[in-house]
Amino acid sequence: MSKIDDVINRLERLTNDVNQVKLSLIGLLPVPPVAKPAIRRGVEGLDPILTELYFDALRGGVDLARDPRVQESSLKAIQSATMPRPRSAAQKRNDKMQSTAFKMANERLRTKSGALRKGVKQSDIAKRAQKELKLMKRGRGKAGGRPSPSGGTKKRKSPRRSGGGKR
């Protein structure tokens with residue numbers, strides 16, 4: 001018999017002793033004398049059943065935990081729960097673009113010393129970064145031909161009023 005079995009047996013004996021003490025104290029309860037026999041019958045009938053069910057379930061759980069197949073499957077479940085899922089290439093690409101978008105938003109909405117510009121909140125930077133990210137995903141990001149913040153403009157391919165379009 002293992003240590004855990006000894007502990008369970010001692011706990012069961014202790015529970016039975018506590019149940020006996022409860023039975024002996026029923027006479028001291030501040031209830032009408034007519035109700036005391038009903039309480040005694042309830043305690044005498046219910047306590048041993050509950051105790052037996054509890055300790056049988058506990059012993060069954062311990063026996064189940066000793067089964068090597070259960071130990072192996074639970075170990076696999078623990079490992080799969082703790083191991084992070086590998087990130088896809090698309091997730092990595094999105095993270096990189098998001099990082100760039102935040103750098104651009106911070107560059108525009110902060111002063112040279114790094115403080116927020118007047119009237120700008122942290123949430124404004126996040127909103128601006130989201131907007132930048134959307135533009136980058138559409139292909140108009142920094143690498144997609146969008147003018148840099150320092151200047152530089154693209155030439156129009158055709159004049160505005162060429163007269164050939166519908167109006």
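V7, L11, L14 and V18 form a nonpolar patch on the surface, with about 320 Å² of accessible area together. A patch here joins nonpolar side chains (Val, Leu, Ile, Met, Phe, Trp, Tyr) within 5 Å, taken from residues with over 30% relative accessible area and no salt bridge; areas come from the Shrake-Rupley method with a 1.4 Å probe. The model is predicted: local features need pLDDT of at least 70 and side-chain atom pairs count only at pLDDT 80 or more, while totals for chains, interfaces and linings use all residues. Residues are numbered from 1 along each chain as its sequence is written, and side-chain values use heavy atoms, with hydrogens and water left out.

V7 lies in helix α1 (helices are DSSP runs of H or I, at least four residues, numbered from the N terminus). V7 counts as partly exposed because its relative accessibility is 38%, where buried means under 20%, exposed over 50%, and partly exposed in between. Helix α1 covers residues 3-25, 23 residues, and reaches 33 Å from its first C-alpha to its last, close to the 33 Å expected at 1.5 Å a residue (1.5 Å times one less than the number of residues). D5, I8, N19 and L23 are the buried residues of α1, and they pack against α2 (36-66).

## Nonpolar core

The largest nonpolar core has 8 residues: A101, A105, L109, V120, I125, A129, L133 and M136. Such a core is a set of buried Ala, Val, Leu, Ile, Met, Phe, Trp, Tyr and Cys residues joined through side-chain atoms within 4.5 Å. Helices α4 (89-109) and α5 (122-140) each supply at least two residues of this core, and the largest share, 4 residues, comes from α5.

Leaving aside residues up to four places away in sequence, A105 touches I125, R128 and A129 (contact: heavy atoms within 4.5 Å).

## Salt bridges

The whole structure holds 7 salt bridges, each a side-chain nitrogen of Lys or Arg within 4 Å of a carboxyl oxygen of Asp or Glu. E132 pairs with R108, with the closest N and O atoms 2.8 Å apart. This pair links distant parts of the chain, E132 in helix α5 and R108 in helix α4, 24 residues apart. E132 is buried, as its relative accessible area is 3%. E132 also meets R128 in a salt bridge (3.9 Å, N to O); R128 is partly exposed at 30% relative accessibility.

In helix α2, D63 and R66 are 3 residues apart, about one turn, and their side chains form a salt bridge (3.3 Å, N to O). D5, D63 and R66 are linked in a network of salt bridges.

Definitions and conventions. Buried means under 20% relative accessible area, exposed over 50%, partly exposed in between (1.4 Å probe, protein chains only). Patches are made of residues with over 30% relative accessible area and no salt bridge: like charges are joined within 9 Å, nonpolar side chains (Val, Leu, Ile, Met, Phe, Trp, Tyr) within 5 Å.
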